[in-house]
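Biologist: Can you put the model up? I would like to go through it with you, a piece at a time.

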Amino acid sequence: MPGVPLPRGVGPWGAWPGAALLTALWILWLLRWAPGGVPAPQRTLTILIWHWPFASRPPELPRNTCASYGVPHCCLSTNRSLLPSADAVVFHHRELQTRRARLPLLSGPRGQPWVWASMESPSHTHGLGHLRGIFNWVLSYRRDSDIFVPYGRLEPRQGPAPPLPAKNGVAAWVVSNFQARQQRVQLYRQLAPHLPVDVFGRASRRPLCTTCLLPTVARYLFYLAFENSQHPDYITEKFWHNALAAGAVPVVLGPPRATYEAFAPADAFVHVEDFASARELAAFLLGMNGSQYRRYFAWRDQLRVRLFDDWRERFCAVCTHYPHLPRDQVYQDLQGWFQGWLQA
Ligand SMILES: *[C@@H]1O[C@H](CO)[C@@H](O)[C@H](O)[C@H]1NC(C)=O
Ligand SMILES: *[C@@H]1O[C@H](CO)[C@@H](O)[C@H](O)[C@H]1NC(C)=O
């Protein structure tokens with residue numbers, strides 16, 4: 001350290017060169033750690049995506065793909081010839097489940113981290129029992145994932161919030177997969193006699209085009225953000241996009257209230273578990289006055305919705321977490337971790 005007198009004759013080169021060496025090291029250390037200092041050159045990581053999710057043809061992946069999401073030194077590729085050299089390989093579960101893609105089990109260098117990726121709920125995930133002791137890291141919407149990628153989040157807003165859309169309907173619901181055994185369908189059937197709900201989507205033969213969904217839903221006071229199944233942290237675009245981004249108050253059926261509160265202010269949504277019955281829930285929604293209703297949008301003054309709906313951005317997150325992820329970890333029981341409760 002500078003200012004501290006060094007004893008004479010330290011080291012083989014004597015006191016002066018020793019002090020100079022220490023000073024040089026100190027300057028290097030300062031440069032490395034001081035804010036705005038010269039950062040150590042960073043190696044570019046190559047992340048091999050074995051099969052692009054839900055697509056027979058991957059999107060274009062120019063070298064600046066991750067940089068455009070604010071993740072430098074990160075290169076995504078779908079070129080399988082890079083298997084021997086990639087810093088990590090990502091396998092999306094759906095294509096493993098349907099056998100469109102197979103694991104290159106006997107190839108791949110030792111110690112190369114393999115990532116299991118899925119944004120689906122455990123109810124729609126099969127075949128995990130075959131995947132014992134293969135994956136090192138998990139990429140999913142679950143907060144305890146190694147690479148946690150939520151469907152959305154609230155971020156600080158710059159500038160004023162846009163005005164709330166004008167309303168001319170009470171409650172909207174968009175649903176394509178409608179099955180009597182689903183909790184959301186049971187709840188809808190209990191609600192419908194007490195609450196006017198307009199149902200859109202394939203299930204009601206009123207499909208909405210991708211760009212029609214937001215303007216349609218925005219005209220409603222409430223959106224039934226009912227997840228297709230109820231699982232830890234499983235909060236999807238139904239909450240983030242269809243309700244919050246549209247400007248309709250989400251009425252949520254999904255994980256417990258405490259989970260939603262980890263993602264959004266407690267007064268930004270109505271949770272069905274707060275009510276003893278569907279009738280009570282309907283009465284609460286219909287009895288709300290204007291000032292109570294606007295209270296649900298207080299968050300919009302400071303926050304805006306950010307959606308994470310692009311697989312490129314999700315995969316770039318592998319690089320963000322890469323330096324901090326455990327190297328010696330293996331998911332021996334991926335099924336137990338992801339869907340343990342299903343057997344319970
Ligand atoms: C895939 O990578 C290999 C090895 O780097 C390279 O020779 C080949 O041209 C690449 N293929 C494509 C389609 O980019
Ligand atoms: C709206 O309802 C709340 C709670 O019932 C009440 O305190 C408030 O006075 C009402 N506001 C108006 C304008 O009616």
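**Going through the model**

Biologist: Which residues are around ligand 1?
Modeller: N79, S81 and L82 are the residues around ligand 1. Bear in mind that this is a predicted model.

Biologist: What does the side chain of N79 do there?
Modeller: One of the polar atoms in the N79 side chain is 2.3 Å from an oxygen atom of ligand 1. The protein buries 25% of the 360 Å² that ligand 1 exposes when taken alone.

Biologist: And ligand 2, what is that surrounded by?
Modeller: N289, S291 and Q292 surround ligand 2. The side chain of N289 has an N or O atom 2.3 Å from an oxygen atom of ligand 2. For the side chain of Q292, an N or O atom is 3.4 Å from an oxygen atom of that ligand.

Biologist: How much of ligand 2 does the protein cover?
Modeller: On its own ligand 2 has 360 Å² of accessible area, and the protein covers 26% of this.

Biologist: On to the strands. Why is β11 largely enclosed by the rest of the structure?
Modeller: Strand β11 spans residues 249-253, and five of the five are buried, so the rest of the structure largely encloses it.

Biologist: Which residues point which way from β11?
Modeller: P250 and V252 point one way from β11, while V249, V251 and L253 point the other way, and all are buried.

Biologist: In which sense do β10 and β11 pair, parallel or antiparallel?
Modeller: Parallel, with five bridges between β11 and strand β10, residues 220-226. Within this pairing Y223 is opposite P250. β10 and β11 also form a right-handed β-α-β unit with helix α5, residues 237-245.

Biologist: What about β11 and β12, how many bridges join them?
Modeller: Two, and β11 runs parallel to β12, which is residues 270-271. A right-handed β-α-β unit is made by β11, helix α6 (residues 257-263) and β12.

Biologist: How many bridges join β8 to β9?
Modeller: Four bridges, between β8 at residues 169-174 and β9 at residues 197-200, and these strands run parallel. A172 stands opposite D198 there. Helix α3, residues 183-191, carries the chain across from β8 to β9, in a right-handed β-α-β crossover.

Biologist: Change of topic. How many aromatic pairs are there in the whole structure?
Modeller: A search finds 27 aromatic pairs. Take Y141 and Y151: the ring centres are 6.4 Å apart and the planes lie at 40 degrees, so this pair is tilted.

Biologist: Where do Y141 and Y151 lie in the chain?
Modeller: Y141 is in the loop between β5 (137-140) and β6 (147-148), and Y151 is in the loop between β6 and β7 (152-156), so the pair ties together parts that are 10 residues apart in sequence.

Biologist: Are those two buried or exposed?
Modeller: Y141 and Y151 are both buried. Y141 and Y151 also belong to one aromatic cluster with W116, Y234, Y331, W337 and F338.

Biologist: Last one, α9. How many of its residues are buried?
Modeller: Helix α9, residues 311-321, is mostly covered, with eight of its 11 residues buried. Among them are W311, F315 and V318, and also E313 and R314.

Biologist: What caps the N-terminal end of α9?
Modeller: D310 does, with a side-chain oxygen 2.7 Å from the backbone nitrogen of R312.

Key. Residues are numbered from 1 along each chain as its sequence is written. Chains are lettered from A and ligands numbered from 1 in the order in which they are written. This is a predicted model: local features need pLDDT of at least 70, side-chain atom pairs count only at pLDDT 80 or more; totals for chains, interfaces and linings use all residues. Side-chain values use heavy atoms; hydrogens and water are left out. A residue is near a molecule or strand if one of its heavy atoms lies within 4 Å of it. A polar contact is a pair of N or O atoms within 3.5 Å; within protein, one must be able to donate a hydrogen and the other to accept it, and residues adjacent in sequence count only if both atoms are side-chain atoms. Accessible areas come from the Shrake-Rupley method with a 1.4 Å probe; for residues, only the protein chains shown count as cover. Buried means under 20% relative accessible area, exposed over 50%, partly exposed in between (1.4 Å probe, protein chains only). Two strands pair if DSSP finds at least two bridges between them. A crossover is right-handed if, with the strands pointing away from the viewer, the path from the first strand over the helix to the second runs clockwise. Rings of Phe, Tyr and Trp (its six-membered ring) pair if their centres lie within 6.5 Å; planes under 30 degrees apart count as stacked, over 60 as edge-to-face and the rest as tilted.
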